[in-house]
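Subject: Structure handover

Hello,

Here is the structure you are taking over. My notes on it come after the model.

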Amino acid sequence: MADVADDARDWPTGRLLSTAARLVEHAWDDALAAHELTHSRVVALHLLLDGPTTQRDLARRAGVEEQTMGRVLRGMEERGQVARVRDSADRRRTLVSVTDAGREALRVATGLSDEDPVLRVVEGTGHDPERFRAALLALVQHFAARRWPDVPEALDAPGG
């Protein structure tokens, strides 16, 4: 891996950012897996804090396909993190809601992100973690708006 780090000095910024994002995601996934969580589950739990909603709406807000969200919800339902119930106003619809176990899982995930090793690395280089976060947020907002122009809620999901 040291060779990759040395070679990376000459990489374009986009490639550096993409590689850094993948490596951070792997580290985040490992930390979440120790608590039977995934990044996708954390996003869904965060979105469900707004109240019960349909799988379709949840998928739209998360910026994923409805089938993908269905797989995520099945795993969460098996762990008792979400519940699905028929909508009393429209029996054809099923609403998804977060359970107490789901709220606890989100609390654990939030605790993990509070110990963010990325910000410690940034701080260790003498850079301001808040400025770094602001720059990342600007990138996310810009490119998310281009990718999903009709889904501003997708930016509210935790990045993990």
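The notes below start with the basis of the values, then go from the whole chain to single residues.

This is a predicted model, in which local features need pLDDT of at least 70 and side-chain atom pairs count only at pLDDT 80 or more, while totals for chains, interfaces and linings use all residues. Residues are numbered from 1 along each chain as its sequence is written, and side-chain values use heavy atoms, with hydrogens and water left out.

Whole chain

The protein chain has 8 helices and 2 strands; these are DSSP runs (helices H or I, at least four residues; strands E, at least two), numbered from the N terminus. Along the sequence the order is α-α-α-α-α-β-β-α-α-α. Of the 160 residues, 29% are buried, where buried means under 20% relative accessible area, exposed over 50%, and partly exposed in between (1.4 Å probe, protein chains only). The accessible surface of the protein chain is about 10,800 Å², and carbon and sulfur atoms hold 52% of that. The areas come from the Shrake-Rupley method with a 1.4 Å probe; for residues, only the protein chains shown count as cover. Among contacts with a separation of 6 or more, 50% join residues 24 or more positions apart; a contact means heavy atoms within 4.5 Å.

Core

The largest nonpolar core contains 23 residues. Such a core is a set of buried Ala, Val, Leu, Ile, Met, Phe, Trp, Tyr and Cys residues joined through side-chain atoms within 4.5 Å. Leu-32, Leu-45, Leu-58, Met-69, Leu-73, Met-76 and Val-82 have the most contacts inside this core. At least two of its residues come from each of α2 (13-33), α3 (39-48), α4 (55-62), α5 (66-78), β2 (94-98) and α6 (100-114). The largest share is from α3, with 6 residues.

Leu-45 touches Leu-37, Met-76, Gln-81, Val-82, Val-98, Gly-102, Ala-105 and Leu-106, leaving aside residues up to four places away in sequence. Leu-58 lies in helix α4 and, at 0% relative accessibility, counts as buried. With residues up to four places away in sequence again left out, Leu-58 touches Ala-44, Leu-47, Leu-48, Thr-53, Met-69 and Leu-73.

Helix pairs

How do the axes of α4 and α5 cross? They come within 9 Å and cross at roughly 110 degrees. Axes here are lines fitted to C-alpha atoms, for helices over the stretch in contact, and angles run from 0 to 180 degrees between N-to-C directions. The two helices are therefore roughly perpendicular to each other (angles under 35 degrees count as roughly parallel, over 145 as roughly antiparallel, 65 to 115 as roughly perpendicular and the rest as oblique). From α4, Gln-55, Arg-56, Leu-58, Ala-59 and Ala-62 meet Glu-66, Met-69, Gly-70 and Leu-73 of α5. By class, this contact of α4 with α5 has 5 nonpolar, 2 polar and 2 charged residues. Ala, Val, Leu, Ile, Met, Phe, Trp, Tyr, Cys and Pro count as nonpolar, Asp, Glu, Lys and Arg as charged, and the others, Gly among them, as polar.

The axes of α3 and α5 come within 10 Å and cross at roughly 90 degrees, which makes α3 roughly perpendicular to α5. Ser-40, Arg-41, Ala-44 and Leu-45 of α3 make this contact with Met-69, Val-72, Gly-75 and Met-76 of α5. Its residues divide into 5 nonpolar, 2 polar and 1 charged.

Single residues

Glu-36 is in the loop between α2 and α3. Its phi is positive, about 55 degrees, although Glu-36 is not a glycine. At 52% relative accessibility, Glu-36 counts as exposed.

Ala-27 is placed in helix α2 and is partly exposed at 45% relative accessibility. Ala-27 and Val-118 are 91 residues apart in sequence, and their C-alpha atoms are 9.9 Å apart in space.

Leu-136 belongs to helix α8 (residues 129-147). At 31% relative accessibility, Leu-136 counts as partly exposed. From Leu-136 to Leu-17 the C-alpha distance is 10.0 Å, with the pair 119 residues apart in sequence.

Regards
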